[in-house]
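Here are a couple of exercises to work through with the model open. Try each task before you read its solution.

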Amino acid sequence: MHLIVDANIPAADACFGAFGRITRIPGREITRAHLDNADVLIVRSVTPVNEALLADTPVRFVGTCTIGTDHIDRDYLTAQGIGFASAPGCNAEAVADYVLAALLGQAEREGRPLLERCVGIVGAGSVGRRVQARLEGLGVDVAVCDPPRAAREGSAGFVSLEALIARCDVLCLHTPLVRKGPYATRHLLDAGRIAALRPGTWVLNAGRGDCIDGDALYRRLDGPGDITALLDVWENEPGIDAALHARAALATPHIAGYSLDGKLRGSLMIHRALAAHQKVAGTLTLDDICPPAALAELTLGRIMPVEDALRLCVRAVYDTRRDHDLLARRANKSGMAAGFDACRAHYPLRRELATLTVRLTGEARALAGPLAAAGCNVEASPAA
C-alpha cells in the first residue's frame, strides 16, 4: 500500500508506517500526479480534496487529521465509495488554551479584568463548549449562540446572534464554514453586524476566516478604530489581507489548534480509522507517541491576583505573543503568503495547558479553583 501524507503531520511513521510505504509532501503541494499510484491520502486543512484531485486515481481512503472538513468534497468521496475519516475534537483543548491566552493578554493590555467582561460564544461545538466551560468556571458572564443546536435541543441556554452582539463585549467565533443552507456561516459576521458591535468589543475568530467579512472588519478597525480584533483565521489563507493583519491586535497564522498534543490526537484518530477501514487492529495509544512535557510542574506558594496567576501559568505553557511576532517577522521577510505557510510548516513545539501540574502551597491554595477551571492540573497541599 502506498500512502501520501502531508509533511506537516506528526508521528506519521508511527501511525501509518505499518500500513505501507509513505511519501510525505507539503500539503499545499499535493497534486493529482502524486496520487497516480497512491492508495491512501492523509491531509490537513490546507489540501482541497475533490474530484479534480482524485479522479481516476487508485485512492480508496482519505483521512484529514483535523476537526474541520470544509476542504473535503465528502459527497464526491461517498459517490466514489472512497472511505473517509476526520478527527473531530482532536485539537479542541489547544484552541481553548489559545482563546484563554489571547483574552488574558488583551485584558492585560487594556488594564480591565477579563473576569468583568461578558463573553459571547458563537458556535458551541467541541471547541465552543470547552471555552464556555472554562470561562464559566472562572465566573465570567457567558452567552451562547448556536442556531443548529438551538433547533435540535430547544432555545433554552441559547440566544440569537443579534442578542449576543447587543449584550456582550467579547465575541468568540468557533463556527465551521457552511457555505449554503439555513445555517450558512460564510460572512456570518457581515458588514451590518460588524457595524452593530458595541465600542470596546473584542472580536476573536479561531473558527474559519470566511465567517467574518474581512473588508467590513478592516473598515471598522481603520475608521472608528473602536473595537479590537484577535484573529487566528483569515479569508484567502495563506495570502491574507496585509492591511487587516496590520490592524489586528493579535494576528496569528491559523495555529490555535497547533499543539503537539492536538496534532498527535489527530494522527492517532486517523490511524484508528484507517485500521478499521483495512479491518485490522489499531493498537497505538497516545502515550506511545506523545513525549513528556518539558515543563511538567510549577509551584506557587504565595497568593496573587487571580488573573495574574492565570497569565503566569498559561504563559508558562503557551504565549500567543510569540506567534503574533513570528508571523509579522516572516511576512516582512518573505511576503504574507510565504510567511504564513512558513510559520505553520515550522511551528515551534507547543504543549497544552493540561500537561502542566500546578502545585499550590500555603495561601496559594486559594487559587486552586480558578486554575483548575482554566485547564491546569492542580495539586494543593493539605492545610497545616
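**Exercise 1.** Find where Asp232 lies and decide whether it is buried or exposed.

*Solution.* Helices here are DSSP runs of H or I with at least four residues, strands are E runs of at least two, and both are numbered from the N terminus. Next, accessibility: Asp232 comes out at 1%, so it counts as buried (under 20% relative accessible area; exposed is over 50%, partly exposed in between, with a 1.4 Å probe and protein chains only).

A word on ground rules: this is a predicted model, where local features need pLDDT of at least 70, side-chain atom pairs count only at pLDDT 80 or more, and totals for chains, interfaces and linings use all residues. Residues are numbered from 1 along each chain as its sequence is written, and side-chain values use heavy atoms, with hydrogens and water left out.

**Exercise 2.** Work out where Asp146 lies and what its side chain meets.

*Solution.* Now list contacts (heavy atoms within 4.5 Å): leaving out residues up to four places away in sequence, Asp146 touches Gly123, Ala124, Gly125 and Phe158. Finally, zoom in on Ala124, whose backbone nitrogen is 2.7 Å from a polar atom of the Asp146 side chain. That's a polar contact: N or O atoms within 3.5 Å, where within protein one must be able to donate a hydrogen and the other to accept it, and residues adjacent in sequence count only if both atoms are side-chain atoms.
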